[in-house]
Amino acid sequence: MDRIKGYYKRMDEVARKENKNTILMIIDMLIWYVFYGATLTDYLNYEFYDRSFKERIRYAVVRTQNKFYKRVSPSEYKEFFTIKPNFLNNFKEYVNRSYYTPDMGIDKLKEFLKNNKEFMIKPVDGLGGHGVKKFKSSSIKDAYKFNKKLESERLFIEELIVQHRRMNMLCKSSVNTIRIMTFVNNGKSEVLYAALRVGNGKSEVDNFHAGGMGISIDTKTGKLKGVGIDKDLNKFKRHPVTNVTFNNFEIPYWNEVKSLVLKCAKINTNIKVVGWDVAITNKGPVLVEGNRRPGFDLIQVLSRKGRKDIMEHVNNELKKNK
C-alpha cells in the first residue's frame with residue numbers, strides 16, 4: 001500500500017508540474033505497462049506524458065531490455081562480472097589497484113591497511129553505487145572485528161582511485177567515471193555509446209542513481225557534448241559546484257580509453273554487450289567495473305530519444321554471424 005501511495009505521489013507531482021491530469025496520466029502509464037512493459041520509472045524518465053506513440057515505441061523500456069539481455073548477456077556467465085572481486089581478478093591487468101576480501105586472511109588485511117590510509121568499501125555484488133563509502137585506516141581499531149564485518153555484510157575493500165587533475169576540475173569529491181558500452185561479435189569489438197558521470201559535489205560517488213549527472217561523449221573526439229542531466233531531469237550547462245562548462249570539455253587519454261574497453265570486451269565473449277566504467281588517472285585509464293546488463297536509462301535520457309537503434313544494430317550483427 002505504501003508503495004502504491006508513493007507511485008501516486010510521484011505521478012501527481014509530475015502532473016501538477018506539467019499541468020496535466022493525474023488520473024489520465026496513471027491510466028496512460030498502466031496501458032504502457034501492460035501492453036509494452038514500460039514501468040513507472042520508464043514513463044517518467046523518458047517523459048512519455050509529452051511524447052507521441054511514434055516516439056515512445058523507439059524507447060528500450062524494461063521489458064525490451066530484459067528480452068535483449070537474455071540473448072546478449074546469458075545469466076550463467078553473470079558472476080564473471082557481477083561479483084566484484086571476481087571482476088577485479090578477471091581484469092586485473094586493466095584494474096591497476098589493490099583490494100582485499102575476507103577470505104584472503106588477516107595478514108593481507110593488515111598489509112592492505114598499512115599501505116592504504118584511505119580506501120573504498122563496497123558490496124561484493126552491489127549496483128548503482130549503493131553502499132559504496134570512503135574509509136580511513138586509522139578508524140579501524142580491531143582488524144579482526146573489521147574482517148568479520150566485511151564477511152558478514154558481504155563487503156570488500158579497494159584501493160582509492162586518484163583521478164586525473166583535469167577530471168578533478170569537474171568535481172573533486174567523487175571519481176568521475178566514463179560509462180562506455182561495447183559490443184563483441186565474431187572476434188571484433190566496437191563502441192556503441194559513451195557518457196561521463198559526474199558527481200554533484202555532495203556525494204562520494206558519481207552514479208546517475210545516486211544524485212550524479214550524466215553528459216554525452218562524442219566517441220570520436222572524447223569531448224563532452226550538450227548539457228548535464230540528473231535523474232530528476234534537471235539540466236546543467238555548468239557543474240553546479242565547480243562552475244565548469246560541460247560542452248566541449250575534453251577527456252584526457254580518450255584513444256586509450258577506447259583501446260582499453262575494446263580489448264576487455266574480448267576477454268569473455270559469452271557476454272556480448274558490456275557497460276564499462278572507466279576512470280582516468282594521471283597515468284591513463286583504469287577499469288572500475290563492468291556491467292553485463294548496462295541500463296539504457298542514462299543513454300536515453302541524455303539522447304532525449306529512444307535508442308532501440310543500438311539493440312537493432314546488435315541483433316542484426318548477430319543474425320549475420322549466425
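**View 1. Strand β2 and strand β4 pair in the antiparallel sense over 5 bridges.** Helices (H or I, at least four residues) and strands (E, at least two) are DSSP runs, numbered from the N terminus, and two strands pair if DSSP finds at least two bridges between them. The model is predicted: local features need pLDDT of at least 70 and side-chain atom pairs count only at pLDDT 80 or more, whereas totals for chains, interfaces and linings use all residues. Residues are numbered from 1 along each chain as its sequence is written, and side-chain values use heavy atoms, with hydrogens and water left out. Strand β4 covers residues 155-159, and its residue L155 stands opposite P123. Strand β2 (residues 118-123) also runs antiparallel to strand β3 (residues 133-136), to which 4 bridges join it. In that pairing, K134 of β3 is the bridge partner of M120. Strand β2 is mostly covered, with 5 of its 6 residues buried (under 20% relative accessible area; exposed means over 50%, and partly exposed lies in between; 1.4 Å probe, protein chains only).

**View 2. An open antiparallel sheet is formed by 7 strands.** The strands follow the order β9-β8-β7-β6-β5-β10-β11. At the edges stand β9 (235-236) and β11 (284-291); each has a single partner strand, so one side of each is left without a neighbour in the sheet. Strands of a sheet pair through backbone hydrogen bonds, either parallel or antiparallel.

**View 3. Strand β5 is joined to strand β10 by 6 bridges.** The two strands, β5 at residues 178-185 and β10 at residues 273-281, run antiparallel. The bridge partner of M181 is G275 in β10. Helix α12 (residues 254-264) packs on the sheet and touches β5, β6 (188-198), β7 (213-217), β10 and β11; contact means heavy atoms within 4.5 Å. The direction of α12 makes about 45° with that of β5, where axes are lines fitted to C-alpha atoms, for helices over the stretch in contact, and angles run from 0 to 180 degrees between N-to-C directions.

**View 4. The largest cavity holds about 50 Å³ of space.** A search of the whole structure finds 2 cavities of 30 Å³ or more. A cavity is a set of points, on a 1 Å grid over the protein atoms alone, where a 1.4 Å probe fits but cannot get out, and lining residues have an atom within 4 Å of a point. Grid points are joined across faces, edges and corners, and a volume is the space filled by probe spheres set on the points. The lining of the largest cavity consists of R179, I180, M181, Y193, P294, G295, L298 and I299. Two or more lining residues come from each of β5 and α13 (297-303), and β5 gives the most, with 3 residues.

**View 5. The loops on either side of helix α12 contain N248, Y253 and N268.** N248 and Y253 lie in the loop between β9 and α12. Phi is positive in both, near 75° for N248 and about 60° for Y253. Most residues other than glycine have a negative phi. Y253 is partly exposed, at 29% relative accessibility. N268, in the loop between α12 and β10, is buried at 8%. Leaving aside residues up to four places away in sequence, N268 touches F80 and F81. N268 and T182 are 86 residues apart in sequence and 12 Å apart in space, C-alpha to C-alpha.

**View 6. C171 and C264 are buried cysteines.** Relative accessible area is 2% for C171 and 1% for C264. A search of the whole structure finds 0 disulfides (pairs of cysteine sulfur atoms within 2.5 Å).

Conventions:
On a 1 Å grid over the protein atoms alone, a cavity is a set of points where a 1.4 Å probe fits but cannot get out, and a pocket is an open set with protein on both sides within 12 Å along at least five of seven lines; lining residues have an atom within 4 Å of a point.
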